[in-house]
Amino acid sequence: MKFKLKPPAPKKLKKTTLKRFLIKRTIYYVLPNVFFNFIIAYASFQELGYTHFFSGTQNLARLTLPMAIFLPVVLTIDIINRVIIASEQGAIEFTVDEQLNKKKLMTKLSILHGLTTGLLVLSVLLFAQYGFSKYYKLDATAMAVLVGVLAGILSVIFVYLPVRRLRRWMWRRGAVLAVEEVEA
């Protein structure tokens with residue numbers, strides 16, 4: 001006997017505009033990401049009082065690379081899913097095309113965003129490592145602030161970037177196109 005668990009029905013959303021919806025979601029994503037990433041980095045780096053880019057047990061790459069890869073993946077999947085649900089409920093002024101393969105779009109964009117951001121952060125870390133001496137010690141508090149700011153920037157970017165891609169399959173409610181056949 002197999003048990004099938006149905007996912008709970010999404011909570012009914014208030015009617016709003018897409019812009020307000022995204023601003024609200026941005027606030028929900030930025031504040032916890034900045035706070036928790038700063039606290040985790042600060043607690044990790046304060047043990048030694050300093051950190052390095054790649055060497056040592058508490059290095060900068062150890063915290064920033066996983067964050068730079070997984071934060072865009074999670075945010076892309078979540079925001080696309082939430083915008084589609086809001087559209088289906090009629091909470092925003094846009095409708096998503098029914099022919100859109102939602103899971104394929106979420107998967108493709110999340111992998112693309114995660115890899116791109118991860119490679120970009122890795123290249124910046126490698127360039128910074130090359131620019132400084134091998135034994136240069138980075139200030140723990142400044143690097144924790146940098147990690148928090150990076151988390152905030154990634155949170156803002158990956159709320160708006162997936163929706164920008166999703167807009168290709170969205171149109172305003174009530175917009176009707178009349179197509180006339182022209183006989184030759």
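## Two salt bridges

A salt bridge here is a side-chain nitrogen of Lys or Arg within 4 Å of a carboxyl oxygen of Asp or Glu. D78 forms one with R82, and their closest N and O atoms are 3.0 Å apart. Both residues sit in helix α2 (residues 60-89), 4 residues apart, which is about one turn of the helix. R82 is partly exposed, at a relative accessible area of 34%. On this scale, buried means under 20% relative accessible area, exposed means over 50%, and partly exposed lies in between, using a 1.4 Å probe and protein chains only.

How many salt bridges does the whole structure hold? The search finds 2. The other pair is E88 and K102, with 3.2 Å between the closest N and O atoms. This pair links distant parts of the chain, as E88 belongs to helix α2 and K102 to helix α3 (residues 102-131), 14 residues apart. E88 counts as exposed at 57% relative accessibility, while K102 is partly exposed at 28%.

## About the model

This is a predicted model, in which local features need pLDDT of at least 70 and side-chain atom pairs count only at pLDDT 80 or more, while totals for chains, interfaces and linings use all residues. Residues are numbered from 1 along each chain as its sequence is written, and side-chain values use heavy atoms, with hydrogens and water left out.

## The overall fold

The chain has 184 residues, and 36% of them count as buried. Its accessible surface comes to about 12700 Å², with 65% belonging to carbon and sulfur atoms; such areas come from the Shrake-Rupley method with a 1.4 Å probe, and for residues only the protein chains shown count as cover. Among contacts with a separation of 6 or more, 86% join residues 24 or more positions apart. Contact means heavy atoms within 4.5 Å.

The unreviewed UniProt entry lists residues 21-43, 63-84, 105-128 and 140-163 under "transmembrane region". Positions follow the numbering used here, feature names are shortened, and annotations may be inferred rather than shown by experiment.

How does the model look over two of these ranges? Residues 21-43 are 100% helix and 0% strand, and the end C-alpha atoms are 34 Å apart. Residues 140-163 are likewise 100% helix and 0% strand, with 35 Å between the end C-alpha atoms.

## Inside: the nonpolar core

A nonpolar core is a set of buried Ala, Val, Leu, Ile, Met, Phe, Trp, Tyr and Cys residues joined through side-chain atoms within 4.5 Å. The largest one has 40 residues, and those with the most contacts inside it are L18, L22, I79, I80, V83, L166 and M170. At least two residues each come from α1, α2, β2 (94-96), α3 and α4. Helix α2 makes the largest contribution, 12 residues.

Which residues touch L22? Leaving aside neighbours within four places in sequence, L22 is in contact with I79, V83, V159, Y160 and V163. Over in strand β2 you will find T95, which is buried at a relative accessible area of 15%.

## Outside: a nonpolar patch

Now to the surface, where I23, I27, Y28, L31, V156 and Y160 form a nonpolar patch with about 550 Å² of accessible area together. Patches are made of residues with over 30% relative accessible area and no salt bridge; like charges are joined within 9 Å, and nonpolar side chains (Val, Leu, Ile, Met, Phe, Trp, Tyr) within 5 Å. Helices α1 (18-45) and α4 (140-166) each give two or more residues, and the largest share, 4 residues, is from α1. Y160 lies in helix α4 and is partly exposed at 36% relative accessible area.

## The segment before α1

P10 belongs to the segment before α1 and is partly exposed, with a relative accessible area of 47%. Beyond neighbours within four places in sequence, P10 is in contact with I85 and Q89. P10 and R82 are 72 residues apart along the chain, yet 9.5 Å separates their C-alpha atoms.
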